[in-house]
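Work through the exercises below with the model open beside you. Try each task before you read its solution.

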Amino acid sequence: MLYDFAKGPIVSNDPYDVCILGAGAAGITLAVRLGRAGKRVALCEGGGLDYEDESQEIYAGSTFGDPYFDLDIARLRYFGGSTNHWGGYCRSFEAADFNRGHMGDDFRWPITYDELLAYRPEACEIVEIDPDYQDHVVDEQLGLRQVDFKYSPPVVFSEKFHDEIENSKNIDLFLNANFVDLVGADRRVRSVKLRNYADQELEIRSDAVVFAMGGIDNSRQLLWMERKHGAALFDRDLPIGRYWMEHPHFTIGEALIKSWDQANLYFALTEKMQRTLGILGCGVVVEEQGDSTTKRLVKDLLCVAPGVGAWAADLAGKKLICSYKFHAAWEQAPNRDNRVALSERDADRFGVPLSELHWNKAPIDRETMLASTQQFNAYILRENLGRLQLRDWVYQGDEYPDDDVLAGYHHMGGTRMSHTPRYGVVDGNCKVFGSENLYMAGSSLYTTSGYNNPTLAIVQFALRLADHLGAGV
């Protein structure tokens with residue numbers, strides 16, 4: 001059933017099994033799975049069915065540290081969330097991502113890789129991709145492997161699941177229903193308060209409550225609840241908002257390389273090589289360019305290295321060599337100082353402080369990119385495939401350019417999983433430490449980020465949480 005709170009007051013009398021705040025990939029996946037299992041679900045979305053400035057303005061905020069996107073353009077706040085504009089790239093966590101305890105306690109997941117892997121087939125079915133990923137090692141000595149990315153159409157969750165949710169007897173979707181407060185005591189939430197843009201209120205009672213408001217607002221709203229309620233609903237002094245992570249994205253260079261069969265290739269290092277080098281995961285994307293770029297690179301090479309340039313010119317004339325652009329997208333180490341905080345000056349129209357994002361890249365983040373690039377370049381040289389021309393800032397150690405891609409719009413961490421409240425906000429079942437019935441969903445619960453796009457894993461974790469909340473019973 002669908003209720004649009006913008007059209008007038010709504011009265012909710014019957015309690016729900018689960019109330020989900022946020023209708024993006026995590027919230028919709030969770031609601032549908034629970035609804036199919038016979039659970040009564042309230043799915044609450046602050047926006048409507050389409051984009052509206054009034055809703056999007058709630059996502060305004062400030063950024064501090066390294067250059068980053070304006071927060072109100074880095075995500076979407078209406079039914080379907082950011083799946084309304086995602087690119088469809090699909091690859092989940094790897095075993096290495098759950099095996100980094102040697103780097104410190106803040107790298108330790110409270111669950112195993114296999115626990116998440118069990119949900120990959122079902123998650124792949126939802127995003128309409130083949131679950132069989134075919135990676136292979138191309139150079140054991142250098143630790144270089146080619147990795148397999150899948151491409152969703154991309155699935156827009158609001159379109160895929162709209163009719164099922166609207167016609168469901170077990171799911172009630174509340175649109176234009178903005179979260180403003182939790183009601184409860186003794187570490188247990190009894191109900192959720194929502195408000196529309198006419199300042200009318202709706203209170204929903206539920207046995208369990210799930211924040212699925214995204215990789216920034218999960219932290220913002222939980223910080224607000226801590227400020228309002230202290231330790232009444234969950235433990236105080238949790239690292240809420242901290243260990244926030246992104247995937248830095250930058251163009252690292254261009255190359256003249258003997259032609260590959262595919263236009264776009266993806267490479268990464270093996271877990272063994274990552275350990276040897278003391279770095280994290282990094283994906284190098286090789287993108288074919290046009291003939292004009294090939295000619296320019298050959299000309300540049302003839303000027304600086306005539307012998308190699310003549311070799312390249314000969315191959316280019318025979319169409320045996322092409323120009324490629326190299327992009328890197330890599331894993332950022334969890335850093336307690338990278339965080340979402342509450343503004344002390346500005347609040348949204350409902351009185352909730354706006355977000356402040358404090359984000360900087362650390363030396364290990366740069367070393368991860370640089371070491372991965374060096375291994376890839378060594379492979380190109382050893383196999384005599386061509387020549388890689390790195391951007392000046394990469395090999396000279398200059399500042400990151402501020403006119404590149406910057407990052408992936410991948411908001412991770414902030415309400416992260418951990419074995420202990422010292423390093424995390426939720427336990428292995430996504431429940432907030434000290435709470436009886438408050439949970440987190442989405443990429444905000446990631447302990448580490450891997451180097452891959454977060455959407456597929458978001459769906460996997462939502463399916464796993466649904467089972468914990470009763471869908472698998």
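Predicted model: local features only at pLDDT ≥ 70, side-chain atom pairs only at ≥ 80, totals over all residues.

**Exercise 1. The cavity lining**

Task: Find how the lining of the largest cavity divides into nonpolar, polar and charged residues.

Solution. Now list the lining. It includes Arg-91, Ser-92 and Phe-93. It also includes Tyr-446, Ser-449, Asn-452, Asn-453, Pro-454 and Ala-457. Next, take the volume, which is about 40 Å³. Finally, check the count: a search of the whole structure finds one cavity of 30 Å³ or more.

**Exercise 2. The second largest pocket**

Task: State the volume of the second largest pocket, and name the lining residues closest to its centre.

Solution. The volume is about 240 Å³. The lining has 14 residues. Closest to the centre are Arg-91, Glu-94, Tyr-113, Asp-135 and Arg-145. By class, the lining holds five nonpolar, three polar and six charged residues. Note Arg-91: this residue also belongs to the lining of the largest cavity.

**Exercise 3. Helix α1 against helix α5**

Task: Decide how α1 is oriented relative to α5, then describe their contact.

Solution. Locate the helices first. Helix α1 covers residues 25–36, and helix α5 covers residues 157–167. Their axes come within 11 Å and cross at roughly 30 degrees. Angles under 35 degrees count as roughly parallel, so α1 is roughly parallel to α5. The crossing is left-handed. From α1, the contact uses Ala-25, Ile-28, Thr-29, Val-32 and Arg-36. From α5, it uses Phe-157, Ser-158, Phe-161, Glu-164 and Ile-165. Sorted by class, the contact has six nonpolar, two polar and two charged residues.

**Exercise 4. Helix α4 against helix α5**

Task: Repeat the analysis for α4 and α5: at what angle do their axes cross?

Solution. Helix α4 spans residues 120–127. Its axis and that of α5 come within 10 Å and cross at roughly 95 degrees. The range 65 to 115 degrees counts as roughly perpendicular, so α4 is roughly perpendicular to α5. Glu-125, Ile-126 and Val-127 of α4 meet Phe-157, Lys-160 and Phe-161 of α5. The classes here are four nonpolar, no polar and two charged. Phe-157 and Phe-161 also take part in the contact of α5 with α1.

**Exercise 5. Helix α4 against helix α12**

Solution. Helix α12 runs over residues 455–471. The two helices pack at an angle of about 120 degrees, with axes 9 Å apart. On the α4 side, the contact is made by Arg-120, Glu-122, Ala-123, Cys-124, Ile-126 and Val-127. On the α12 side, Leu-456, Val-459, Gln-460 and Leu-463 take part. The contact has seven nonpolar, one polar and two charged residues. Ile-126 and Val-127 of α4 meet α5 as well.

**Exercise 6. Two backbone details**

Task: Say whether the peptide bond from Pro-153 to Pro-154 is cis or trans, and find where Tyr-243 lies.

Solution. The bond from Pro-153 to Pro-154 is cis, with omega near 5 degrees. Pro-154 sits in the loop between β8 (150–151) and α5. Turn to Tyr-243. It lies in the loop between α6 (217–229) and β13 (248–258). Its phi is positive, about 60 degrees, although Tyr-243 is not a glycine.

Definitions and conventions:
Residues numbered from 1 in each chain as written. Heavy atoms only, no water. Axes fitted to C-alpha atoms, helices over the stretch in contact; angles between N-to-C directions. Helix = DSSP H or I, 4+ residues; strand = E, 2+ residues; numbered from the N terminus. Parallel < 35°, antiparallel > 145°, perpendicular 65-115°, else oblique. Left-handed = near helix turned anticlockwise from the far one by under 90°. Contact = heavy atoms within 4.5 Å. Nonpolar A, V, L, I, M, F, W, Y, C, P; charged D, E, K, R; others polar. 1 Å grid on protein atoms, 1.4 Å probe; cavity = no way out; pocket = protein on both sides within 12 Å on 5 of 7 lines; lining within 4 Å. Points joined across faces, edges and corners; volume = space filled by probe spheres on them.
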